[in-house]
Amino acid sequence: MAETAIRLRDVQLTLGTGRSTVHVLKGIDLNVQRGESVGIVGPSGSGKSTLLMVLAGLERADKGLVEIAGTPLGGMSEDALASFRGRNVGIVFQSFHLIPNMTALENVAVPLELAGSADAFERAARELANVGLKDRASHYPGELSGGEQQRVAMARALAPEPAILIADEPTGNLDQETGRQVADLLFAEQARRQMTLVLVTHDPALAARCGRTIAVRTGVIHDDGHGSAAATVPAAGPAASPVGDAALPQAAR
Ligand SMILES: Nc1ncnc2c1ncn2[C@@H]1O[C@H](COP(=O)(O)OP(=O)(O)OP(=O)(O)O)[C@@H](O)[C@H]1O
Ligand SMILES: [Mg+2]
């Protein structure tokens, strides 16, 4: 049986305070198998980015189960969650999110140094060469094109060799041709490293390159790409412990 990389059960999240409170995720059920590529589509404001933040462990769900690589995130301390994320999840954003006063090489080395890698800069150099930017290693983000910045961001996301790669509109700020090159790189690396890929996009052509497309509408999954709503997936067995219930070896730090 295929391994489940991501398992969400009745995930709910409200953001904001007072009058700006929004019930963003209203009961998300989702299974993603290891090595699968999933494109998430849906109207602006439907909760796609919020959903990615939850499954990356950057936002905590108010309710429900978030299980990544067999580990429920709910009961983890902030430190344990950061460490777990660093080892398991790579993230690429639409606006690159590079650190402006660090060179390309230093940016890629950041997650490796945080993980305590003894050869962070050697590995970072290899990752930069892999995305075709060996000769831009000492450039600052402001000295790089958008496409180059996104390739640096991809090298940074890939460097810790995550099992799961999450991308929020990774080509959204790029022209069509540059976007296609970044997408080619993304899918080539996903296949080569056998990663699970979850990608949000407004580009139907990019979504179509994923093995499965999921449609989100106002905080729920409207179509899970299996021809039925995810809510109809058979209920999980006793292994589905509620959030906050998990005794995690990873949390023991
Ligand atoms: N911190 C916050 N406080 C209150 N509401 C928020 C907050 N963050 C997001 N929201 C609301 O949650 C909803 C979903 O936002 P989200 O960014 O997930 O949408 P999206 O589907 O990614 O949209 P887009 O396609 O435009 O990127 C929006 O209505 C947004 O206004
Ligand atoms: Mg978004």
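In which loop is alanine 69 found? In this predicted model, alanine 69 belongs to the loop between β4 (63-68) and β5 (71-72), and its phi is near 50°, a positive value in a residue other than glycine. Most residues other than glycine have a negative phi. Alanine 69 counts as partly exposed because 18 C-beta neighbours lie inside 10 Å, whereas a residue is buried if 20 or more other C-beta atoms lie within that distance and exposed if 12 or fewer do.

As to confidence, the protein averages a pLDDT of 90, and 89% of the residues score at least 70. Over residues 230-253, however, pLDDT stays under 50, and for this stretch the model has 40 contacts beyond four places in sequence.

Strand β1 (residues 4-15) pairs with β2 and with β4. Nine bridges join β1 to β2, the two strands running antiparallel, and in this pairing glutamine 12 stands opposite lysine 26 of β2. The hairpin that β1 and β2 form has six residues between the strands, and within this hairpin glycine 16 takes a positive phi near 85°. The pairing of β1 with β4 is likewise in the antiparallel sense and extends over five bridges, with isoleucine 68 in β4 as the bridge partner of isoleucine 6.

Helix α5 (residues 146-158) has 13 residues and reaches 18 Å from its first C-alpha to its last, which is close to the 18 Å expected at 1.5 Å a residue. This helix is mostly covered, eleven of its 13 residues being buried. The buried residues of α5 include the charged residues Glu148, Arg151 and Arg156, and also Val152, Met154 and Leu158, which count as nonpolar. What covers the buried residues of α5 includes the strands β6 (89-93) and β7 (164-168), as well as the helices α3 (104-114), α4 (120-130) and α6 (176-193).

In the loop between α5 and β7 lies glutamate 161, whose phi is near 55°, again a positive value in a residue other than glycine. Glutamate 161 is partly exposed because 13 other C-beta atoms lie within 10 Å, a count that falls between the limit of 12 or fewer for an exposed residue and that of 20 or more for a buried one.

A further loop residue, threonine 218, lies between β9 (212-217) and β10 (220-223). With 14 other C-beta atoms within 10 Å, threonine 218 is therefore partly exposed. Although threonine 218 and glycine 45 are 173 residues apart in sequence, they are 7.3 Å apart in space, C-alpha to C-alpha.

Key. Residues numbered from 1 in each chain as written. Chains lettered and ligands numbered in written order. Predicted model: local features only at pLDDT ≥ 70, side-chain atom pairs only at ≥ 80, totals over all residues. Helix = DSSP H or I, 4+ residues; strand = E, 2+ residues; numbered from the N terminus. Expected span 1.5 Å × (residues − 1). Contact = placed C-beta atoms within 7 Å. Pairing = 2+ DSSP bridges. pLDDT = per-residue confidence, 0-100.
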